[in-house]
Amino acid sequence: MAEREGLIWLDGEMVDWKDAKVHVLTHTLHYGMGCFEGVRAYATDKGAQIFRLQEHTDRLFRSAHILNMEMPFSKEEINEAQLAAVRENNLEHAYLRPMVFFGSEGMGLRADNLKVHVMVAAWEWPSYMSPEAKELGIKVQTSSYTRHHVNITMCKAKANGNYMNSMLALSEALRSGCEEALLLDNEGYVAEGSGENIFVIREGKIYTPELTSCLDGITRRTVIELAKEELGLDVIEKRITRDEVYVADEAFFTGTAAEVLPIRELDGRQIGSGRRGPITEKLQTLYFDQVTGKRAEHPEWLSPVNG
Ligand code: PMP
């Protein structure tokens with residue numbers, strides 16, 4: 001990734017991709033105290049547009065606040081940095097990675113002499129999951145790793161260090177032939193995937209875990225709105241057990257990268273018909289139409305990079 005052509009926004013300036021470097025004593029590299037976002041831009045008939053830019057920037061600032069990292073830029077500057085990262089790299093479909101991290105001024109855990117840096121990179125990234133996975137769904141395994149407890153780390157922050165838990169869970173699931181992990185909270189209730197929120201559907205009602213230990217996903221919020229507004233369906237936030245997923249009619253993950261991704265199997269149990277269910281399909285279509293600017297509703301969710 002480091003050897004590409006292009007530009008990366010770093011601390012207020014566009015720098016050459018290959019020169020966007022940090023020192024090995026960068027504090028965040030050692031202890032994982034930092035926060036980031038995963039954002040996407042889609043090709044639309046108005047050119048590339050970033051989906052829910054403001055919400056991602058707001059969450060980045062909330063994450064920094066939770067971690068007590070003082071943002072050296074305004075929200076407007078970080079919005080503009082993201083638009084510029086897509087625009088100046090001439091991207092159409094893009095994944096964006098803003099990150100807030102501590103510099104290499106010191107190594108102590110006190111972190112009292114450290115500079116806060118911000119970077120935004122963007123690169124071409126048409127799809128995270130294959131077209132077959134989007135239609136047929138994926139195989140998921142309940143993880144042997146527990147999702148973070150709310151008093152061990154800060155689950156509302158999209159914090160760098162939190163992702164060690166996600167990576168351990170995902171690599172375990174991949175090694176046993178599944179495509180994603182489902183993490184349970186410390187009481188054994190369903191929390192989320194390694195990088196996705198989860199929804200289950202039973203008898204026409206949609207359920208999703210409360211936001212206790214899972215991330216307040218922006219795709220989750222989008223799908224809840226679409227389900228209520230467009231399909232007139234109830235979305236109930238409640239504690240969910242893993243066997244409620246086994247007996248669901250449909251289940252799917254949501255995330256900026258995963259979008260709306262059907263789950264066809266959990267722990268060797270087929271879910272519903274064993275492929276994308278009808279409500280999941282409707283929500284997936286609504287979501288794709290929304291992010292690619294094909295729907296008239298919610299124009300405020302798209303920010304044109306050449307606006
Ligand atoms: N949970 C976790 C742990 C994640 O990393 C993500 C991806 N950011 C999500 C849920 C989904 O969040 P979003 O829809 O905002 O991408």
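Is Ala 43 buried, exposed or partly exposed? Ala 43 is partly exposed, with 15 other C-beta atoms within 10 Å; a residue counts as buried with 20 or more other C-beta atoms within 10 Å of its own, as exposed with 12 or fewer, and as partly exposed in between, the C-beta atoms being placed from the backbone. The model is a predicted one, in which local features need pLDDT of at least 70 and side-chain atom pairs count only at pLDDT 80 or more, while totals for chains, interfaces and linings use all residues. Residues are numbered from 1 along each chain as its sequence is written.

**Surroundings of Ala 43**

- Ala 43 is found in strand S4; strands (E, at least two residues) and helices (H or I, at least four) are DSSP runs, numbered from the N terminus.
- Apart from neighbours within four places in sequence, Ala 43 is in contact with Ala 48, Glu 92 and His 93, contact meaning that the C-beta atoms, placed from the backbone, lie within 7 Å.
- Glu 92 is 49 residues from Ala 43 along the chain, and the two C-alpha atoms are separated by 5.0 Å.

**Domains and their contact**

- The protein chain is divided into domain 1 (7-124) and domain 2 (131-291), with bounds that come from an automatic or database domain assignment.
- The C-alpha centres of domain 1 and domain 2 lie 26 Å apart.
- To the contact, domain 1 gives 20 residues and domain 2 gives eleven residues.
- On the side of domain 1 that touches domain 2, strand S3 (34-36), strand S4 (39-44) and helix H2 (53-66) each supply at least two residues.
- H2 provides the largest share of that side, six residues.
- That side of domain 1 has eight nonpolar, six polar and six charged residues, where Ala, Val, Leu, Ile, Met, Phe, Trp, Tyr, Cys and Pro count as nonpolar, Asp, Glu, Lys and Arg as charged, and the others, Gly among them, as polar.

**Helix H2**

- The 14 residues of H2 should span 20 Å at 1.5 Å a residue, and its end C-alpha atoms are 20 Å apart, which agrees; the expected span is 1.5 Å times one less than the number of residues.
- The buried residues of H2 are Leu 53, His 56, Thr 57, Arg 59, Leu 60, Ser 63 and Ala 64.
- Viewed down the axis of H2, these buried residues fall within an arc of 160°, so they line one face of the helix; the arc is that of the directions from the helix axis to the C-beta atoms.
- Asn 68 follows H2 and has a positive phi, near 65°.

**Helix H5**

- H5 (residues 163-175) has 13 residues and reaches 18 Å from its first C-alpha to its last, close to the 18 Å expected at 1.5 Å a residue.
- Ser 166, Ala 169, Leu 170 and Ala 173 are the buried residues of H5.
- They line one face of H5, since their arc down the helix axis is within 95°.
- Ser 171 and Arg 175 are exposed on the other side of H5.
- Strand S8 (138-142) and strand S9 (180-184) are what the buried residues of H5 pack against.

**Ligand shell**

- Among the 16 residues around the ligand, Leu 215, Gly 217, Ile 218, Thr 219 and Thr 256 come nearest; a residue is near a molecule if its C-beta atom, placed from the backbone, lies within 6 Å of it.
- Helix H6 (218-231) and strand S14 (250-255) each supply at least two residues of the shell, and H6 gives the largest share, three residues.
- By class, the shell has three nonpolar, nine polar and four charged residues.

Technical notes. Two residues are in contact if their C-beta atoms, placed from the backbone, lie within 7 Å.
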